[in-house]
Amino acid sequence: MMGTTALTTLAGTATVPQFISLATKDVFKLAPAIALFPLASFFISLFLGKRMPKGGALAGIAATIASLALSVWLVIELAIGGGTYQETLYTFVGGASDSAVVEHTGVELTFGLLIDPLAALMLVIVSLISLLVHLFSLGYMNDEGETGLPRYYAGLGLFTFSMLAFVYSDNLLMAFVFFELVGVCSYLLIGFWFREDAPPSAAKKAFLITRFGDYFFLIGVVAIFATFGTTAFAGENSFVTMAADGLNPDVAAEGIDTPGVSEDTWFTVLGLLVLGGVVGKSAQFPLHTWLPDAMEGPTPVSALIHAATMVAAGVYLVARMYGFFALLPTVLAVIALIGGFTALFAATMALVKQELKQVLAYSTISQYGYMMLALGGGGYVAGVFHLTTHAIFKALLFLGAGSVIIAMHHNENMWEMGGLKDRMPVTYATFLAGSLALAGIFPFAGFWSKDEVLFETLAHGLGGSPILLIAYGFGALAVVLTGLYTFRMVFLTFHGEPRTDTAEDPETVGWSVKLPLVVLGVLSVVGGVLNMGVLKDIIGESNLFLHEWLDGATMDTDLGALSASHYSEVLEADYGAGYEVTDLSPLGPGVVALVFAVVGVGAAWYLYSGADPEPKMTRLGRVRTVLLRNYYQDEYQAWLATGLTLPFSRIADKFDRGLIDGIVNGIGTVSMVVGRQFRQIQTGVVTNYAALLAFSLLLLLFAFGFVGGWF
Amino acid sequence: MTVSVEWYLLLSAAVFCVGLFGILVRQNALMFLMSVELMLNAGNINLVAFALYWGNLTGQVFALFLIGIAAAEVAVGLGIILVLNRNFDDIDVTEATTMRW
């Protein structure tokens with residue numbers, strides 16, 4: 001275990017540093033402000049939004065610009081040689097390391113920040129998308145005359161704050177706190193139109209289902225605390241390093257207390273517990289059902305929270321503690337299987353949806369499945385790469401959908417659109433770029449990342465992991481379906497003849513809508529340059545920028561235990577996952593995946609490209625019904641709640657109220673009855689009391705007499 | 001000639017029993033007060049008798065205290081009886097039972 005010396009640990013500096021000079025290294029001292037700017041905008045929008053022009057949007061825009069600028073600065077700093085930066089910002093339990101609490105429990109609860117290449121990359125993504133969504137909201141919310149805008153922008157601000165703070169968390173507990181907070185923001189924003197019926201219900205559903213997963217996560221956090229005494233992500237004393245040392249026979253480490261099972265079994269349990277939160281938040285099977293309903297929220301919210309960032313929190317968490325997961329082959333296999341299955345499963349449902357945003361919602365679930373597949377399959381860089389490109393092109397698609405929704409006067413049914421291509425060319429061009437990226441067509445961003453996901457899974461799978469091969473099969477099949485549903489959506493929305501009067505004469509959209517689309521559209525086209533893994537053999541490994549980035553190759557100091565190469569080492573180590581990599585040229589699998597994608601797109605073209613396309617999925621008959629009803633997932637989950645949990649709760653209620661309360665009430669009743677009888681001696685007549693006293697005394701005398709043997 | 005201490009104790013017991021009897025059978029609160037007085041004085045007799053028996057004055061001094069306490073008790077008792085009369089128009093102790101359960 002080397003390299004953690006690279007961490008600049010400044011434990012104990014509890015105050016946010018003042019900045020006076022802006023020398024290069026000082027940018028790290030400013031890092032907390034990345035999240036604090038949106039927090040300030042939250043308060044400003046909430047309390048002053050009514051009096052401000054644009055309902056507080058400007059504060060949010062200014063804050064996200066500042067966050068983005070700082071994040072980019074961090075990236076530049078790391079790119080030209082800065083080291084990883086870790087700082088404890090605030091210790092809320094424990095205080096000084098020699099305090100009584102720490103001595104007694106060995107536990108210190110802190111908020112801190114950890115800036116490494118992964119976090120810096122994610123900070124840029126989140127603040128960029130947040131900025132663009134704020135801009136887009138000017139067109140989507142302000143221009144449409146929505147009320148409650150201060151509440152809306154306050155929600156966005158709070159969300160951006162929570163998400164950024166989650167990203168730079170340096171320990172699992174802090175990550176959990178902000179993980180929950182983004183969930184709260186999601187709840188608030190899905191239910192933005194709370195006067196209607198559907199949004200509050202969808203908000204509750206999203207909250208409850210993600211909370212179900214977070215319940216396991218919470219237990220996991222506590223269990224990790226109990227096992228390691230720390231939840232730090234990085235450093236010599238992080239739980240990740242301790243776990244690795246505990247399993248590595250070459251390192252003489254102190255034994256780790258596990259409750260009666262071997263270390264690797266216990267770590268697997270810990271990993272699976274944390275995975276519960278990941279599955280809930282990243283909408284993986286079987287906890288994915290909240291995401292399609294979350295589309296009830298405003299479309300920019302869907303783009304920011306339910307496509308690009310919050311849903312990414314789960315995947316990001318796995319990447320953040322990948323050094324831990326890489327030790328656990330069982331957990332990795334579960335991650336890969338869940339991911340692969342979700343990718344395919346959600347894609348099938350996306351095939352038959354009629355609402356634009358529903359297709360995108362299922363597509364999002366499917367794409368997060370790919371990221372999980374990559375991480376489970378040992379492709380750390382691939383997972384992060386797909387996270388990056390997906391954030392861009394899916395935010396683009398959602399914003400494009402938002403633009404279409406404005407144009408269609410909030411009608412989302414694709415069968416009532418058609419022909420929008422000529423009437424909104426900017427939206428069409430950018431939406432097409434996003435769709436090509438989503439479908440994985442060369443050379444758009446999604447092609448490179450999705451291919452890398454599949455390639456990594458295949459390479460590790462062929463090394464002797466049949467489970468990964470199954471997951472790869474799911475993923476590869478989903479590529480075809482992705483091409484099909486994506487271009488079904490494109491053809492139905494933009495091509496052919498307009499099928500309604502609204503589509504004939506759509507509302508125009510302003511610059512605030514077009515600008516974010518163009519920015520994201522350009523990024524969707526060129527984003528693949530980050531990591532052209534398919535061409536690895538041609539361009540050389542050193543030109544895989546993201547790989548080099550995540551490996552810490554741009555930094556002066558060694559990234560050590562947080563680097564991609566360290567993760568590969570652990571994955572391949574005997575004490576780790578024990579994966580083996582087959583030496584495989586990425587070109588072959590890349591071409592296969594591209595062919596699959598083209599087949600899907602071609603099928604969509606064949607089925608839906610005419611001037612007046614007809615519903616073709618109806619030919620699927622009952623299969624279509626099953627898909628439209630989402631495999632009855634909602635029904636069985638509702639049944640789990642009402643059919644299983646409720647009767648069980650009733651029995652528990654009966655037990656509680658019958659037996660437990662019965663015993664308590666019985667004791668009370670007995671006391672009362674006895675008391676009611678006994679109080680009769682209190683007649684209120686003084687004479688009686690005196691008689692009682694006198695005769696009791698006599699009795700006592702006799703008793704003493706008998707005992708004392710007087711008689 | 002001295003009277004032996006048993007006689008005093010017998011007298012004391014008799015006076016005490018008369019007082020106790022009065023408390024147990026009378027209904028008039030004034031009679032109560034008098035009966036209590038009798039019982040206290042039975043105690044006084046005891047104290048004085050024992051003082052004589054042991055040949056020291058402690059018992060007699062206590063008897064003086066007891067007389068003082070008895071006077072105080074009568075003052076309090078009469079006050080209670082006045083209130084009793086005001087509230088119930090009577091000083092029958094069996095009437096004043098409104099404070100029970």
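**Reading helices in a predicted model**

Me: Is helix α19 of chain A largely enclosed or exposed, and how many of the 18 residues are buried?

Reply: In this predicted model, 16 of the 18 residues of α19(A) are buried, so the helix is largely enclosed by the rest of the structure. Helix α19 of chain A covers residues 445–462 and reaches 26 Å from the first C-alpha to the last, close to the 26 Å expected at 1.5 Å a residue. Just after α19(A), A:Gly464 takes a positive phi of about 110 degrees.

Me: How are two packed helices described?

Reply: Two packed helices are described by the angle between their axes and by the distance between those axes. Here, helix α5 (residues 149–167) and helix α11 (residues 299–308), both of chain A, pack at about 5 degrees with their axes 12 Å apart. Because angles under 35 degrees count as roughly parallel, α5(A) is roughly parallel to α11(A).

Me: Which residues make the contact between α5(A) and α11(A)?

Reply: From α5(A) come A:Tyr152, A:Leu156 and A:Phe159, and from α11(A) come A:Pro300, A:Val301, A:Leu304 and A:Ile305. By class, this contact has 7 nonpolar residues, with no polar and no charged ones.

Me: Where is A:Thr210 placed, and is A:Thr210 buried or exposed?

Reply: A:Thr210 lies in helix α7 (residues 198–228) of chain A. Its relative accessibility is 3%, and buried means under 20%, so A:Thr210 counts as buried.

Me: What does the side chain of A:Thr210 reach?

Reply: The side chain of A:Thr210 reaches the backbone oxygen of A:Ala206 at 2.7 Å. Not counting residues up to four places away in sequence, A:Thr210 touches A:Gly280, A:Lys281 and A:Trp290.

Technical notes
Residues numbered from 1 in each chain as written. Chains lettered and ligands numbered in written order. Predicted model: local features only at pLDDT ≥ 70, side-chain atom pairs only at ≥ 80, totals over all residues. Heavy atoms only, no water. Helix = DSSP H or I, 4+ residues; strand = E, 2+ residues; numbered from the N terminus. Expected span 1.5 Å × (residues − 1). Buried < 20%, exposed > 50% of the residue type's maximum accessible area, 1.4 Å probe, protein only. Axes fitted to C-alpha atoms, helices over the stretch in contact; angles between N-to-C directions. Parallel < 35°, antiparallel > 145°, perpendicular 65-115°, else oblique. Contact = heavy atoms within 4.5 Å. Nonpolar A, V, L, I, M, F, W, Y, C, P; charged D, E, K, R; others polar. Polar contact = N/O pair within 3.5 Å; in protein donor to acceptor, adjacent residues only side chain to side chain.
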